[in-house]
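Here are some notes to read alongside the model, written for someone meeting it for the first time. Please keep the 3D view open as you go through the points.

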Amino acid sequence: MQKTDRFVSLDALRGLTILAMIMVNTHGEGVSYGFLTHSAWNGCTVADVVYPFFLYMVGASMWFSFRKCNHEFTGGILRKISVRAIVLFALGLVINNFPFTAPPSVWRIPGILQRTAFVYVLASVIVLSLKDTRKILAVALLLLIGYRVTLMIFGNTIENNPSYPVDVLIFGKEHLYSGYGGRFEPEGFIGSFPSTVNALAGYIFSRYLSQAHKLNRRPLFMGVCGVVMTALALLWNTVLPFNKPLWSSSFALFTCGLATLAWFILYYLIDIFGFKAVARPFVVFGTNALFAYVLSELLVVSNWSFGFDVNGHLCHISQWLDSYVYHPLTSGPMRSALWGITVSLFCWLVNFCLYRKKIYIKI
């Protein structure tokens, strides 16, 4: 087993996750594939597990990042955490509200990168304060159990839940997501606490895998943990349904299990058995994952924000491509998916140029 300071499998999984995020967030005209569409409320599709995987990757990367400070609180690491969180939050605001045609009084404040910023800060404080894996695991379990009790008290329906009233109080109703009939914010404050469990799981297994790799040991325990977490979550789902908008405790455990299994499998295929060439297209995404995601979101928003005239009618790039390229080629869900594939390829080509020049955009 070749010792390296970086797991190619982690970059590949991060790249796969970003690719899936782009496909999920970029629907074209017509009917979309069911697995690329989020569950309306309870349930779990492929689209639902993508963002939890992303948070898992955030936690996994923290282990490598904090090794530079020996996992100790220092002035430098606190500044780094603060700056990274502020930049993430600011990028999230830009994605939510670009091209800023609406007044600030109705800008949506919560969002994917905003929650990522909060999760990153909270998870960082936990792992740097506790250090011991068992203590970190205990906090993760407390977050899951505590949130389960909270849902039992306040409810887990779109009408009755602990999240929305808190979000209205913190952000104001006019700054929340307008979907779900304006009754719920899917990236709200309360849901960020169980979301942190995904980052903590990524950190724990990144730590375990690094130590096993260093000692030349097969990380079979990681695979066992992935199976156990997934199985327990499926059992828990019978009494507490998987729910991404609420980020129910069963959903958090389920996605932690799936992410752990996915990394375990990719680790063996790529870092042990050496299938690095097959993984390279995804590594291109993974080495500049955040940049690829932000670029894709700005492209999609720009597409609908700026149009051009076609035979006296306002047309957008995605609509023009659908009419003159996609629709003549195919129909059904593939027709819708082709717009996502187009955006993915564009972002991949930009990332490939950065990858070839060894330019890594980090915050």
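1. Some terms to begin with. An axis here is a line fitted to C-alpha atoms, for helices over the stretch in contact, and angles run from 0 to 180 degrees between N-to-C directions. Helices (H or I, at least four residues) are DSSP runs, numbered from the N terminus. This is a predicted model: local features need pLDDT of at least 70 and side-chain atom pairs count only at pLDDT 80 or more, while totals for chains, interfaces and linings use all residues. Residues are numbered from 1 along each chain as its sequence is written, and side-chain values use heavy atoms, with hydrogens and water left out.

2. Let us start with α2 and α9. Their axes are 9 Å apart and the packing angle is about 65 degrees. The two helices are therefore roughly perpendicular to each other (under 35 degrees is roughly parallel, over 145 roughly antiparallel, 65 to 115 roughly perpendicular and the rest oblique). From α2 the contact draws on Asp48, Val49, Pro52, Phe53, Tyr56 and Ala60, and from α9 on residues including Phe251, Thr255, Cys256 and Trp263 (contact means heavy atoms within 4.5 Å).

3. Now for α2 itself, residues 46-66. Its 21 residues should span 30 Å at 1.5 Å a residue, and its end C-alpha atoms are 31 Å apart, which agrees (the expected span is 1.5 Å times one less than the number of residues). Of these 21 residues, 19 are buried, so α2 is largely enclosed by the rest of the structure (buried is under 20% relative accessible area, exposed over 50%, partly exposed in between, with a 1.4 Å probe and protein chains only).

4. α9 (residues 249-272) also packs against α1 (residues 8-25), at an angle of about 130 degrees and with axes 8 Å apart. That makes α1 oblique to α9. Here too the crossing is right-handed. Val8, Ser9, Leu10, Ala12, Leu13 and Leu16 of α1 meet α9 residues that include Ala259, Trp263 and Tyr267.

5. Next, have a look at α3, residues 75-97. Its 23 residues should span 33 Å at 1.5 Å a residue, and the end C-alpha atoms are 33 Å apart, in agreement. Among its buried residues are Ile77, Ile81, Arg84 and Leu88. The cover over the buried residues of α3 includes α2, α4 (112-130) and α11 (289-305).

6. Which residues are joined by a cis peptide bond? They are Phe98 and Pro99, with omega about 5 degrees. Pro99 sits in the loop between α3 and α4. Most peptide bonds are trans, and most residues other than glycine have a negative phi.

7. Two loop residues have a positive phi to check. Lys131, in the loop between α4 and α5 (133-154), has phi near 65 degrees. Lys131 is partly exposed, at 30% relative accessible area. Asn216, in the loop between α7 (192-214) and α8 (220-236), has phi near 60 degrees. Asn216 is partly exposed too, at 44%.

8. Is Asp322 buried or exposed? Asp322, which lies in α12 (residues 317-329), is buried, with a relative accessible area of 4%. Leaving aside neighbours within four places in sequence, Asp322 is in contact with Glu29, His327, Pro328 and Arg335.

Technical notes
Left-handed = near helix turned anticlockwise from the far one by under 90°.
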